[in-house]
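This report is for a reader who is new to the structure shown below. Please look at the sequence and the model before reading on.

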Amino acid sequence: MDLSLFLEGFANSLTLTNLGFGLLGAILGTMVGILPGIGPALAIALLFPVTYGLEPQSALIMFCAIYYGAMFGGSTTSILLNTPGESGSVMTAIEGNRMAKTGKAGAALATAAIGSFVAGSIGTGILAFAAPAIADLGLRMTPPDFFALMILAFVTVSSLLGKSISRGLLSLTLGVVIGMVGTDPNSGAPRLSFDLPEAMEGFQTVIVIVSLFAVAEALYIALSGRLEAGKVNKLIGSARMTKAEWGRSWKPWLRGTAVGFPLGVLPAGGSEIPTFLSYTWEKRLSKNKGEFGKGAIEGVAGPEAANNANASGALVPLLALGIPTSGTAAVMLAAFDQFRINAGPMLFVDEPLLVWTLVASLFIANFLLLIINLPLIKMWIQILRVPGPYLFAGILVFAMIGAYSIKYSTFDLLVAIGIGVLGVALRRFGYPITPLIIGAILGPMAEIQFRRSMQLSQGDTSILLSTPFTWATYTLMIIALAWPWIWKFLKPLIVVKEKTRRK
Amino acid sequence: MTRSTKRSAKGELVFTSFLFVVGVVVLWDASQLPQLGIADFVGSSTFPSIVGWVLVALAGIQLFSVARGNLGQPEEVEGARIETKVYWKPFLLMLSGLLIFALGVPFIGFPIAATILFTMVVYALKPGKTKLLVVVPIAAATALVTYFGFTLGLQIDLPLWLDLNFGTTEVIVEEDW
């Protein structure tokens with residue numbers, strides 16, 4: 001890491017505009033984390049049209065702050081409402097909700113927020129050191145290496161998320177097909193556009209995301225669900241911890257960070273696995289095992305830290321290699337793209353100031369989040385009072401503006417509705433959505449790397465396995481594909497060990 | 001198997017077949033692409049063909065799997081209870097709201113289209129308990145606030161009012177971003 005560049009970035013991130021956008025992102029992020037039906041990926045996509053007129057730097061700072069903020073806000077709902085919205089909060093909800101029921105909501109919220117802050121700070125710190133190093137490595141990577149890495153990201157995202165590996169892979173392939181609509185990148189021949197001039201330009205990323213998350217989710221609830229206002233647990237006093245609770249929290253925070261960050265860097269498909277691992281780890285190490293299941297603070301501290309460290313970890317491959325490992329990261333990649341900035345190894349060469357401003361802003365956003373989350377927690381709970389139907393109506397109006405304002409085209413709106421209906425079917429039949437997003441965004445990039453490889457080798461496919469890196473990557477891919485079976489084998493082992501120990 | 005799971009099995013079979021057909025369409029489309037471009041060693045159709053074959057193969061396997069009773073679990077949604085039963089009425093209500101917006105916005109303007117969309121979404125999600133007198137003002141207020149927010153605050157043009165010049169094509173001057 002170049003210290004002078006970092007300091008320059010830090011100074012730059014302290015300008016009033018950038019601080020303002022960081023704060024705005026932190027507030028919006030916390031909000032979307034708390035509100036049901038809207039996650040960080042959708043929030044960022046919905047804001048695309050709003051940012052057309054902004055400096056790229058300001059917009060990206062805001063998006064990163066939203067990403068971090070959603071992690072903070074997510075824990076609030078899982079503790080107070082027991083409706084873990086994102087898979088990363090499932091583990092927090094187990095102990096956090098118990099704690100809230102026994103009147104210890106304040107401590108649970110405090111350990112979650114401070115743990116998130118600690119993990120986010122450490123994670124961002126490692127990001128600052130690791131990303132340039134990995135970007136350096138990225139500069140030496142060949143197109144076959146990149147292609148292998150993208151295939152790995154494809155496979156891990158599809159196989160590690162969701163319950164059915166075949167559905168994950170199908171969803172991914174469908175995403176790649178959606179990404180293929182438009183024209184052939186080399187010859188310019190129309191592809192999958194059926195003589196529709198509008199389709200030849202391809203589907204806009206914003207439209208795909210907005211329709212899959214907003215339109216599809218609302219339609220899905222209309223089709224087969226009922227909105228429920230959850231019962232909010234009472235928060236007595238403020239969000240703070242006693243000395244003993246601090247003592248029980250700090251080690252889980254650090255252990256959670258140690259689990260969460262590396263699994264964010266590797267395309268391990270999101271925060272489900274690290275939070276689970278952190279939870280079981282804490283349960284095993286705890287001196288108060290009897291409390292687990294009844295509201296053990298370690299069970300909140302660890303997974304929450306893992307969740308946040310995971311988010312900062314995911315930024316490493318995004319910034320350094322241009323490869324997203326989660327749905328939100330994929331949307332961020334699209335955001336970079338919107339400003340014609342190429343995330344990836346060249347980013348550190350071409351736009352050093354931007355990168356370091358962004359990293360510095362992450363530190364600041366993390367700090368701002370701690371401030372706006374802890375003392376103001378009671379205010380945040382109030383926004384849970386917005387009735388669901390109105391919330392979704394507002395989201396859909398915004399989603400349609402987002403889709404319309406790109407080209408003022410009715411065709412785009414119809415595409416959004418069409419993909420929305422597709423998204424309903426996917427949800428209904430248990431297909432995970434994230435692989436589709438990754439496929440649609442990363443697919444065209446994978447095609448370019450594939451083409452480049454083929455040009456280098458003049459059509460010889462063996463080039464795809466020409467470097468040690470490609471071998472290592474494809475080996476990891478096979479492990480990822482076999483993961484459900486490995487997991488099935490490991491999970492009872494971890495749990496059984498747990499049970500025998502307790503006896 | 002209860003009636004509703006039988007029906008959802010049928011639905012999933014139809015959907016999986018749809019994915020299979022998409023794969024076939026991708027393959028057909030790939031075969032229509034020009035064979036070799038300049039400095040292009042594998043041709044335009046290689047990548048799409050691979051994707052097409054993968055989709056056909058995966059969907060084919062999945063068809064068998066679904067036919068054998070391996071049905072997908074409906075996804076859960078934050079803040080909502082998901083049932084196995086299907087309610088077509090609210091679904092179609094919301095869908096028509098979206099379609100009215102999509103087809104109508106160039107003609108009836110954004111505020112009206114958004115008010116209709118907002119109202120229909122609320123109705124679709126809260127069947128029975130909604131009063132038109134409450135919803136429409138909220139919807140109209142939201143529509144107007146977003147309209148002015150976008151046009152004045154963000155310089156994003158949205159059609160305001162009835163545009164009855166169906167024949168003339170709109171000319172949009174793109175501003176520098």
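The model is predicted, so local features need pLDDT of at least 70 and side-chain atom pairs count only at pLDDT 80 or more, while totals for chains, interfaces and linings use all residues. Residues are numbered from 1 along each chain as its sequence is written, chains are lettered from A in the order in which they are written, and side-chain values use heavy atoms, without hydrogens and water.

**Chain A and chain B**

In chain A, 76 residues are in contact with 83 residues of chain B (contact means heavy atoms within 4.5 Å). The area buried between the two chains is about 7,200 Å², and carbon and sulfur atoms give 75% of this. Buried area here is the accessible area (1.4 Å probe) that two parts lose on being put together, summed over both.

Between chain A and chain B the count is one salt bridge, a term for a side-chain nitrogen of Lys or Arg within 4 Å of a carboxyl oxygen of Asp or Glu. B:E12 forms a salt bridge with A:R167. Elements of chain A that each supply at least two residues to the side touching chain B include helix 8 (165-180), helix 9 (205-224) and helix 19 (434-457); helices (H or I, at least four residues) and strands (E, at least two) are DSSP runs, numbered from the N terminus.

Strand 3 of chain A pairs with strand 1 (residues 80-82) of chain B in the antiparallel sense, over three bridges; two strands pair if DSSP finds at least two bridges between them. A:R226 stands opposite B:R81.

**Salt bridges**

Over all chains, a search finds 10 salt bridges. The table gives some of them.

| Pair | Closest N and O atoms |
|---|---|
| B:E12 and A:R167 | 2.8 Å |
| A:E201 and A:K407 | 3.0 Å |
| A:R248 and A:E298 | 2.9 Å |
| A:E447 and A:R451 | 3.7 Å |

A:E201 is exposed, with a relative accessible area of 56%. Buried means under 20% relative accessible area, exposed over 50%, and partly exposed in between (1.4 Å probe, protein chains only). A:K407 is partly exposed at 27%.

A:E447 is buried at 2% relative accessibility, and A:R451 is buried at 3%. Because they are four residues apart in helix 19 of chain A, about one helical turn separates A:E447 and A:R451.

**A serine in helix 6**

A:S121 lies in helix 6 (residues 105-139) of chain A. A:S121 is buried, at 19% relative accessible area. Not counting residues up to four places away in sequence, A:S121 touches A:F363 and A:N366.
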